[in-house]
Amino acid sequence: MSVRYDSDRFLYTAVDDPLARPLFDGLEQEYDNRYADVRRRIGGSAREELQRYPAAAFAAPVGAFVLLLRDGVAISGGAFMPHRDDDTAEFKRIWTLPGLRRQGIARRVLQELEDQAARQGYRRVFLTTGFRQPEAVGLYLSHGYTALFDLDADPETIAHLPFEKQLVSQPQVGAAPAIALHGAVA
């Protein structure tokens, strides 16, 4: 079910924007909860995973970081950076506050990221999700992504579940301003 709120706005900003901190804190906690046993076996932390890429990787003109704000508070967000070739954007950190899930919010963020990647000249999206995130798998499959793994296999034997999607071309834009605010699209 998708609910439209008049106060919802997308904000293109930097990864270190203080508005994003509650989202990253929540994402870190969720990773810790879902993958605690894995982290104990292989080492590292959810925080290290979230800080693996420099903020510049998600900055225009090659990347983007977007927050979906409701009444000025970040409720969801996501980012992309260049992948291995000039035509492919890699989507990262698409996440929605737990109390607001199953309302179409992540789908709106995913669509916004796709549209922005296409505007920046990308023709393909690559992303991975964790093997204990069936909600994300369902989102990507229902949004036209192709699984690059055997959907019948036990996800725990694959670990990182890769997906791809070809983008529809859109008029290319120059370097996006550091911060841009506009209305969200349902």
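Here are legends for several close-up views of this predicted model.

Residue numbers start from 1 along each chain as its sequence is written.

**View 1. The whole chain, from end to end.** The chain has four helices and eight strands (DSSP runs numbered from the N terminus: helices are H or I with at least four residues, strands are E with at least two). Starting at the N terminus, the order is β-α-α-β-β-β-α-β-α-β-β-β. Of its 186 residues, 45% count as buried (under 20% relative accessible area; exposed is over 50%, and partly exposed is in between, using a 1.4 Å probe and protein chains only). Take the contacts (heavy atoms within 4.5 Å) between residues at least 6 apart in sequence: 68% of them join residues at least 24 apart.

View 2. The chain average is 87, and 87% of the residues score at least 70. Go carefully around residues 175–186: pLDDT stays under 50 there, and the model gives this stretch 32 contacts beyond four places in sequence.

**View 3. Glu28 in helix α1.** Helix α1 covers residues 21–42, and Glu28 is part of it. Is Glu28 buried or exposed? With a relative accessible area of 13%, Glu28 is buried. Leaving out residues up to four places away in sequence, Glu28 touches Ala46, Arg47 and Leu50.

View 4. The 15 residues of α3 (residues 105–119) should span 21 Å at 1.5 Å a residue, and the end C-alpha atoms are 21 Å apart, so the two agree. (The expected span is 1.5 Å times one less than the number of residues.) Buried residues in α3 include Ile105, Leu110, Glu114 and Ala118. After α3 comes Gly121, with a positive phi near 95°.

**View 5. Inside the largest nonpolar core.** This core (buried Ala, Val, Leu, Ile, Met, Phe, Trp, Tyr and Cys residues joined through side-chain atoms within 4.5 Å) has 29 residues, and Phe80, Phe91, Tyr140, Tyr145 and Phe163 have the most contacts inside it. Helix α3 gives the most to this core, with six residues. Among the contacts of Tyr145 beyond four places in sequence are Phe91, Leu110, Tyr140 and Phe163. A second, separate core has 20 residues, including Tyr35, Ala57, Leu67 and Trp95.

View 6. Grid points are joined across faces, edges and corners, and volume is the space filled by probe spheres set on the points. The largest pocket has a volume of about 1300 Å³. Of its 43 lining residues, Ile94, Thr129, Gln133, Ala136 and Tyr140 are closest to the centre. The largest cavity holds about 70 Å³ of space, and its lining includes Leu23, Phe65, Gly77 and Trp95.

How values were computed:
This is a predicted model: local features need pLDDT of at least 70, side-chain atom pairs count only at pLDDT 80 or more; totals for chains, interfaces and linings use all residues. Side-chain values use heavy atoms; hydrogens and water are left out. pLDDT is the predictor's confidence in each residue, from 0 to 100. On a 1 Å grid over the protein atoms alone, a cavity is a set of points where a 1.4 Å probe fits but cannot get out, and a pocket is an open set with protein on both sides within 12 Å along at least five of seven lines; lining residues have an atom within 4 Å of a point.
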